Each structure stands twice: as structure tokens, then as C-alpha cells.
Amino acid sequence: MIETERLRLETLDVAAARAVAAGDRDGRAWHAEFPREDDRDAAAMVLPHSNLAFGCRLIIERVSGLAVGTIGFFGPPDDTGTVMVGYGLVPSARGHGLATEALRALVAYGFAQPSVRTITADPLHGNVASHRVLEKAGFLHTYSTKDARWYAIQRTDRQHDNQQLC
């Protein structure tokens with residue numbers, strides 16, 4: 001689990017991923033708007049993988065104890081040490097800095113893994129709020145495609161060394 005001032009990022013195990021993918025709310029501490037379609041899709045992507053360290057996590061507000069979104073990697077790093085990240089919050093949780101807080105924490109976690117050198121993201125052009133989240137978390141716009149703006153953040157040796165000392 002990853003903890004921040006206002007959030008807990010809890011790894012989705014197979015049972016939890018199945019529940020999110022199916023929208024099975026029975027007995028779960030989920031915000032009324034959770035899971036969104038994107039959350040269900042992200043959870044479904046976790047199911048075939050056994051490497052939960054580079055999978056999906058629930059974003060849980062510490063005060064309410066409710067899941068308000070998901071964040072995670074789209075699998076382990078490739079041969080260049082690159083992983084891709086995605087995230088999303090229920091509409092009523094947006095605009096309070098929670099996505100930035102969660103992303104910064106996940107980036108720190110990712111760069112603490114020796115195999116991760118670069119983290120990328122590809123929000124759609126019209127998702128301006130996500131562009132701002134990435135920029136606030138230290139990502140730089142690298143290029144654009146027809147559909148998306150690509151961002152990346154690189155691990156510096158200093159970041160990795162500092163993580164090793166903690």
C-alpha cells in the first residue's frame with residue numbers, strides 16, 4: 001500500500017479486480033459514483049497479469065475510507081525501463097488535487113523500482129485537466145499523435161539513490 005497525506009493507494013488483487021471489473025459493489029467501501037467505466041476497464045486489464053506491483057490500485061480517500069478512483073501502471077517496464085500510467089477519479093472527487101497527489105506517490109513508487117527509468121502517459125487532447133495533473137506531477141509533454149498528447153518523466157540517478165536510502 002502507498003499512503004499520502006489524504007490518500008491510500010491499495011493494490012488490486014485478483015478478487016478486488018474482478019469486483020471492480022464487474023461493478024460488484026456488494027459490501028464494498030466505494031463512493032456512489034465508483035466504479036466508472038474507465039475503472040472497470042483498468043481492473044479488467046489487471047486480471048491476466050500476475051505482477052501486481054505494476055498493476056492497478058484503488059485510490060481511497062483516507063477521511064471517508066471510500067474508493068474514489070483508480071491509478072496504476074499498464075504492466076511491468078519494457079526493455080528500456082518504460083512503464084505507462086493511467087488514472088481517473090469519480091467526478092465529485094475531481095478538482096481537489098487528489099489525482100496529482102496520487103500520481104506523485106505512484107511516480108515515487110515506480111522510481112523506487114530498479115527496473116523503471118521512464119514513466120509515460122497519453123491523455124486525449126481534450127482532457128486538459130489530465131494534462132495539468134501530469135505537468136504538476138513533473139511530467140513533460142514529449143509529442144502528440146492524432147488522438148493524444150504524450151507525456152513522460154525520467155528517473156534521475158539521484159531520485160533512485162534517494163529512494164534507496166529510505
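This is a predicted model: local features need pLDDT of at least 70, side-chain atom pairs count only at pLDDT 80 or more; totals for chains, interfaces and linings use all residues.
Visitor: Where is E3 found, and is E3 buried or exposed or in between?

Guide: Helices (H or I, at least four residues) and strands (E, at least two) are DSSP runs, numbered from the N terminus, and E3 is found in strand β1, residues 2–3. Buried means under 20% relative accessible area, exposed means over 50%, and partly exposed lies in between, with a 1.4 Å probe and protein chains only.

Visitor: How should I read a helix that has buried residues, for example α2?

Guide: The general idea is that an α-helix has 3.6 residues a turn, so residues three or four places apart point the same way. In α2 (37–46), the buried residues are D39, A42, A43 and V46. Seen down the axis of α2, these residues fall within an arc of 100°, so they line one face of the helix; the arc is that of the directions from the helix axis to the C-beta atoms. Their cover includes α1, β3, β4 and β5.

Visitor: Which residues of α4 are buried, and what covers them?

Guide: In α4 the buried residues are S130, H131, V133 and L134. Down the axis of α4 they fall within an arc of 160°, so they too line one face of the helix, and what covers them includes β5, α3, β6 (118–121) and β8 (149–154). H131, taken by itself, counts as buried because its relative accessibility is 7%, and, leaving aside neighbours within four places in sequence, H131 is in contact with P123, L124, H125, R149 and Y151. Just after α4, G138 takes a positive phi of about 100°.

Visitor: How many aromatic pairs does a search of the whole structure find?

Guide: Rings of Phe, Tyr and Trp (its six-membered ring) pair if their centres lie within 6.5 Å; planes under 30 degrees apart count as stacked, over 60 as edge-to-face and the rest as tilted. The search finds 3 aromatic pairs. One of them joins W30 and F34, which are edge-to-face at 5.2 Å centre to centre with 80° between the planes; W30 is buried at a relative accessible area of 8%, and F34 is buried at 2% relative accessibility. Another pair, F54 and F73, is tilted, with 5.6 Å centre to centre and 55° between the planes. F54 lies in the loop between α2 and β3 (56–61) and F73 in strand β4, so the pair ties together parts that are 19 residues apart in sequence, and both residues are buried.

Visitor: What joins F34 and P35?

Guide: F34 and P35 are joined by a cis peptide bond, with omega about 0°, and P35 has its place in the loop between α1 (14–22) and α2.

Visitor: What is the volume of the largest pocket, and which residues are closest to its centre?

Guide: On a 1 Å grid over the protein atoms alone, a pocket is an open set of points where a 1.4 Å probe fits, with protein on both sides within 12 Å along at least five of seven lines, and lining residues have an atom within 4 Å of a point. Grid points are joined across faces, edges and corners, and a volume is the space filled by probe spheres set on the points. The largest pocket has a volume of about 990 Å³. It is lined by 42 residues, of which G86, Y87, G88, N127 and S130 are the closest to its centre. The elements that give two or more residues to this lining are α2, β4 (67–73), β5 (82–89), α3 (98–112) and α4 (128–136).

Terms used
Residues are numbered from 1 along each chain as its sequence is written. Side-chain values use heavy atoms; hydrogens and water are left out. Contact means heavy atoms within 4.5 Å.
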